[in-house]
Amino acid sequence: MHRYFKIYKPYGYLSQFITNEKPRKKKKLLGELGNFPEETMAVGRLDQDSEGLLFLTTDGKESARITGGGVEKEYYVQVDGDISEEAVELLKQGVEISINGAKYLTLPCKAYKLENRPVFPERAKKIRDERHGPTSWVSITLTEGKFRQVKKMTAVVGFPTLRLVRVRIGNEKLNQMDSGEVIDLKKFDS
(Lines give C-alpha, C1' and ligand atoms only; values in the text may rest on other atoms or scores of the structure.)
Protein backbone atom coordinates (compact mmCIF):
# COMPACT_ATOMS: atom_id res chain seq x y z
CA MET A 1 0.00 0.00 0.00
CA HIS A 2 1.43 3.38 -1.02
CA ARG A 3 2.02 6.22 1.43
CA TYR A 4 1.41 9.95 0.85
CA PHE A 5 2.74 12.88 2.88
CA LYS A 6 2.59 16.64 2.61
CA ILE A 7 5.34 18.58 4.32
CA TYR A 8 6.37 22.16 4.90
CA LYS A 9 9.91 22.00 3.55
CA PRO A 10 12.03 24.30 5.69
CA TYR A 11 14.61 26.72 4.34
CA GLY A 12 18.04 25.06 4.05
CA TYR A 13 16.88 21.51 3.29
CA LEU A 14 17.55 19.63 0.04
CA SER A 15 14.49 18.05 -1.63
CA GLN A 16 16.01 14.57 -1.44
CA PHE A 17 16.59 11.75 1.00
CA ILE A 18 20.14 10.66 0.17
CA THR A 19 23.04 12.43 -1.45
CA ASN A 20 25.85 11.01 -3.55
CA GLU A 21 27.86 14.21 -3.06
CA LYS A 22 30.82 14.33 -0.74
CA PRO A 23 29.80 17.55 0.98
CA ARG A 24 32.23 19.73 2.89
CA LYS A 25 29.37 20.59 5.18
CA LYS A 26 26.61 18.21 6.19
CA LYS A 27 23.54 18.86 4.03
CA LYS A 28 20.07 18.74 5.61
CA LEU A 29 17.86 16.14 3.89
CA LEU A 30 14.10 15.53 3.99
CA GLY A 31 14.49 12.18 5.76
CA GLU A 32 15.49 14.10 8.91
CA LEU A 33 11.93 15.49 9.17
CA GLY A 34 10.19 12.19 9.89
CA ASN A 35 10.18 8.42 9.87
CA PHE A 36 9.41 7.68 6.20
CA PRO A 37 9.22 4.31 4.40
CA GLU A 38 12.40 3.33 2.56
CA GLU A 39 10.94 3.91 -0.95
CA THR A 40 9.79 7.48 -0.22
CA MET A 41 10.57 10.11 -2.86
CA ALA A 42 9.96 13.83 -3.20
CA VAL A 43 7.32 14.75 -5.80
CA GLY A 44 9.15 17.53 -7.62
CA ARG A 45 11.66 19.77 -5.93
CA LEU A 46 12.14 23.01 -4.07
CA ASP A 47 15.60 24.58 -4.02
CA GLN A 48 17.61 24.46 -0.81
CA ASP A 49 16.79 28.13 -0.16
CA SER A 50 13.09 27.79 -1.08
CA GLU A 51 10.43 26.55 1.30
CA GLY A 52 6.83 25.47 1.54
CA LEU A 53 4.54 22.70 0.38
CA LEU A 54 6.19 19.53 -0.91
CA PHE A 55 4.66 16.10 -1.47
CA LEU A 56 6.41 12.87 -0.55
CA THR A 57 5.19 9.45 -1.66
CA THR A 58 6.06 5.84 -2.34
CA ASP A 59 3.80 5.96 -5.45
CA GLY A 60 5.91 6.56 -8.57
CA LYS A 61 2.88 6.81 -10.88
CA GLU A 62 1.31 9.55 -8.74
CA SER A 63 4.64 11.38 -8.63
CA ALA A 64 4.94 11.28 -12.44
CA ARG A 65 1.35 12.51 -12.86
CA ILE A 66 1.91 15.56 -10.64
CA THR A 67 5.33 16.50 -12.04
CA GLY A 68 4.37 15.77 -15.66
CA GLY A 69 2.61 19.10 -16.12
CA GLY A 70 -0.97 20.28 -15.87
CA VAL A 71 -1.13 20.33 -12.05
CA GLU A 72 -1.03 23.91 -10.75
CA LYS A 73 1.66 24.94 -8.27
CA GLU A 74 1.23 28.30 -6.55
CA TYR A 75 4.10 30.27 -5.04
CA TYR A 76 4.14 33.36 -2.85
CA VAL A 77 7.27 35.26 -3.74
CA GLN A 78 8.82 38.14 -1.83
CA VAL A 79 10.66 40.34 -4.32
CA ASP A 80 13.14 43.17 -4.07
CA GLY A 81 11.23 46.39 -4.72
CA ASP A 82 7.57 47.30 -5.11
CA ILE A 83 6.57 45.11 -8.07
CA SER A 84 4.81 47.03 -10.84
CA GLU A 85 1.64 46.09 -12.70
CA GLU A 86 3.73 46.01 -15.91
CA ALA A 87 6.05 43.40 -14.39
CA VAL A 88 3.08 41.30 -13.22
CA GLU A 89 1.60 41.46 -16.76
CA LEU A 90 4.90 40.28 -18.25
CA LEU A 91 4.96 37.34 -15.82
CA LYS A 92 1.40 36.39 -16.85
CA GLN A 93 2.26 36.44 -20.57
CA GLY A 94 5.45 34.39 -20.20
CA VAL A 95 9.02 35.61 -20.19
CA GLU A 96 12.25 34.41 -21.73
CA ILE A 97 14.60 32.73 -19.25
CA SER A 98 17.69 30.56 -19.61
CA ILE A 99 17.51 26.81 -18.97
CA ASN A 100 20.84 24.96 -19.22
CA GLY A 101 22.23 27.79 -21.35
CA ALA A 102 19.33 27.72 -23.83
CA LYS A 103 16.62 30.35 -24.17
CA TYR A 104 13.19 29.24 -22.93
CA LEU A 105 9.86 31.09 -23.08
CA THR A 106 7.79 30.31 -19.99
CA LEU A 107 4.16 29.35 -20.49
CA PRO A 108 1.49 31.92 -19.67
CA CYS A 109 0.65 31.76 -15.96
CA LYS A 110 -1.48 33.33 -13.27
CA ALA A 111 0.16 36.17 -11.35
CA TYR A 112 -0.98 39.00 -9.12
CA LYS A 113 0.46 41.28 -6.47
CA LEU A 114 -0.51 40.37 -2.91
CA GLU A 115 -1.98 43.37 -1.13
CA ASN A 116 -1.21 41.99 2.34
CA ARG A 117 2.04 40.43 3.47
CA PRO A 118 1.48 36.68 4.00
CA VAL A 119 2.27 35.20 7.41
CA PHE A 120 4.81 32.38 7.43
CA PRO A 121 7.01 30.92 10.16
CA GLU A 122 10.26 32.81 10.74
CA ARG A 123 12.97 31.65 8.39
CA ALA A 124 16.28 30.29 9.75
CA LYS A 125 18.19 32.89 7.71
CA LYS A 126 16.84 36.42 7.93
CA ILE A 127 15.81 38.31 4.81
CA ARG A 128 17.25 41.80 4.47
CA ASP A 129 15.14 44.39 6.24
CA GLU A 130 13.17 47.36 4.93
CA ARG A 131 16.06 49.79 5.55
CA HIS A 132 17.54 48.46 2.30
CA GLY A 133 14.48 49.44 0.29
CA PRO A 134 10.92 48.18 -0.12
CA THR A 135 9.87 44.61 -0.82
CA SER A 136 6.57 43.25 -2.08
CA TRP A 137 4.85 39.90 -2.50
CA VAL A 138 3.44 38.35 -5.66
CA SER A 139 1.50 35.12 -6.26
CA ILE A 140 2.68 33.09 -9.25
CA THR A 141 0.83 29.93 -10.33
CA LEU A 142 2.52 27.60 -12.84
CA THR A 143 1.73 24.26 -14.46
CA GLU A 144 5.37 23.71 -15.41
CA GLY A 145 8.47 23.60 -13.26
CA LYS A 146 11.82 24.32 -14.85
CA PHE A 147 15.00 24.64 -12.76
CA ARG A 148 14.71 27.78 -10.57
CA GLN A 149 11.97 29.01 -12.92
CA VAL A 150 10.13 31.38 -10.57
CA LYS A 151 13.37 33.05 -9.41
CA LYS A 152 14.51 33.47 -13.01
CA MET A 153 11.12 34.90 -14.01
CA THR A 154 11.06 37.57 -11.29
CA ALA A 155 14.68 38.52 -12.02
CA VAL A 156 13.96 38.95 -15.76
CA VAL A 157 11.16 41.45 -15.02
CA GLY A 158 13.44 43.42 -12.69
CA PHE A 159 12.32 42.21 -9.25
CA PRO A 160 14.73 39.55 -7.89
CA THR A 161 13.32 36.94 -5.50
CA LEU A 162 14.19 37.32 -1.81
CA ARG A 163 11.96 34.53 -0.43
CA LEU A 164 9.95 31.83 -2.21
CA VAL A 165 7.24 29.76 -0.49
CA ARG A 166 5.13 27.18 -2.37
CA VAL A 167 1.62 27.45 -0.92
CA ARG A 168 -0.40 25.08 -3.13
CA ILE A 169 -0.10 21.99 -5.33
CA GLY A 170 -3.38 21.22 -7.12
CA ASN A 171 -6.05 21.57 -4.41
CA GLU A 172 -3.70 20.73 -1.53
CA LYS A 173 -2.71 23.85 0.41
CA LEU A 174 0.03 24.71 2.89
CA ASN A 175 -2.53 26.39 5.18
CA GLN A 176 -1.19 27.00 8.69
CA MET A 177 1.47 24.27 8.70
CA ASP A 178 4.66 24.91 10.64
CA SER A 179 8.07 24.71 9.01
CA GLY A 180 9.19 21.05 9.12
CA GLU A 181 5.67 19.73 9.82
CA VAL A 182 4.68 16.45 8.13
CA ILE A 183 1.06 15.37 7.55
CA ASP A 184 0.19 11.79 6.58
CA LEU A 185 -2.51 11.75 3.83
CA LYS A 186 -4.68 9.01 2.36
CA LYS A 187 -4.15 10.50 -1.12
CA PHE A 188 -3.11 13.83 -2.67
CA ASP A 189 -5.90 16.27 -3.54
CA SER A 190 -4.33 17.38 -6.78
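Colleague: On what conventions do the values rest, and from which number are residues counted along each chain?
Modeller: Local features of this predicted model need pLDDT of at least 70 and side-chain atom pairs count only at pLDDT 80 or more, while totals for chains, interfaces and linings use all residues. Side-chain values use heavy atoms, with hydrogens and water left out, and residues along each chain, as its sequence is written, are numbered from 1.

Colleague: Which residues of helix α2 are buried?
Modeller: Helices (H or I, at least four residues) and strands (E, at least two) are DSSP runs, numbered from the N terminus. Buried means under 20% relative accessible area, exposed over 50%, and partly exposed in between (1.4 Å probe, protein chains only). In α2, which spans residues 85–93, the buried residues are Ala87, Val88 and Leu91.

Colleague: Why do the buried residues of α2 line one face of the helix?
Modeller: An α-helix has 3.6 residues a turn, so residues three or four places apart point the same way. The arc is that of the directions from the helix axis to the C-beta atoms. Seen down the axis of α2, the buried residues line one face because they fall within an arc of 100 degrees.

Colleague: Which exposed residues does the opposite face of α2 carry, and what covers the buried ones?
Modeller: The cover over the buried residues includes β9 (110–113), β10 (135–142) and α3 (149–156). The face turned away from the buried side carries the exposed residues Glu85, Glu86 and Gln93.

Colleague: Which residues of helix α1 are buried, and which strands do they pack against?
Modeller: Helix α1 covers residues 60–67, and its buried residues are Glu62, Ser63 and Ile66. Seen down the axis of α1, they fall within an arc of 100 degrees, so they line one face of the helix. They pack against β1 (4–9), β4 (41–43), β5 (51–57), β6 (73–80) and β11 (161–169).

Colleague: Which residue caps the N-terminal end of α1?
Modeller: The capping side-chain oxygen lies 3.2 Å from the backbone nitrogen of Lys61. Just after α1, Gly69 takes a positive phi of about 105 degrees. The residue that caps the N-terminal end is Asp59.

Colleague: Is Glu62 buried or exposed, and with which side chain does it make a polar contact?
Modeller: Glu62 counts as buried because its relative accessibility is 9%. Contact means heavy atoms within 4.5 Å, and, not counting residues up to four places away in sequence, Glu62 touches Tyr4, Phe188 and Ser190. A polar contact is a pair of N or O atoms within 3.5 Å; within protein, one must be able to donate a hydrogen and the other to accept it, and residues adjacent in sequence count only if both atoms are side-chain atoms. The side chain of Glu62 makes such a contact, at 2.9 Å, with the side chain of Arg65.

Colleague: Which backbone oxygen does the side chain of Thr57 reach?
Modeller: Thr57 is found in strand β5 and counts as buried at 0% relative accessibility. The distance to the oxygen is 2.8 Å, and the residue that supplies this backbone oxygen is Arg3.

Colleague: Which residues have the most contacts inside the largest nonpolar core?
Modeller: A nonpolar core is a set of buried Ala, Val, Leu, Ile, Met, Phe, Trp, Tyr and Cys residues joined through side-chain atoms within 4.5 Å. The largest has 21 residues, and β6, α2, β7 (96–99), β10 and α3 each supply at least two residues of this core. Apart from it lies another core, of 18 residues, among them Tyr4 and Leu114. In the largest core, the residues with the most contacts are Val77, Ile83 and Ile140.

Colleague: What is the volume of the largest pocket?
Modeller: On a 1 Å grid over the protein atoms alone, a pocket is an open set of points where a 1.4 Å probe fits, with protein on both sides within 12 Å along at least five of seven lines; lining residues have an atom within 4 Å of a point. Grid points are joined across faces, edges and corners, and a volume is the space filled by probe spheres set on the points. The volume is about 660 Å³.

Colleague: Where is Arg148 found?
Modeller: Arg148 is partly exposed, with a relative accessible area of 35%. Its phi is near 50 degrees, a positive value in a residue other than glycine. Arg148 is found in the loop between β10 and α3.
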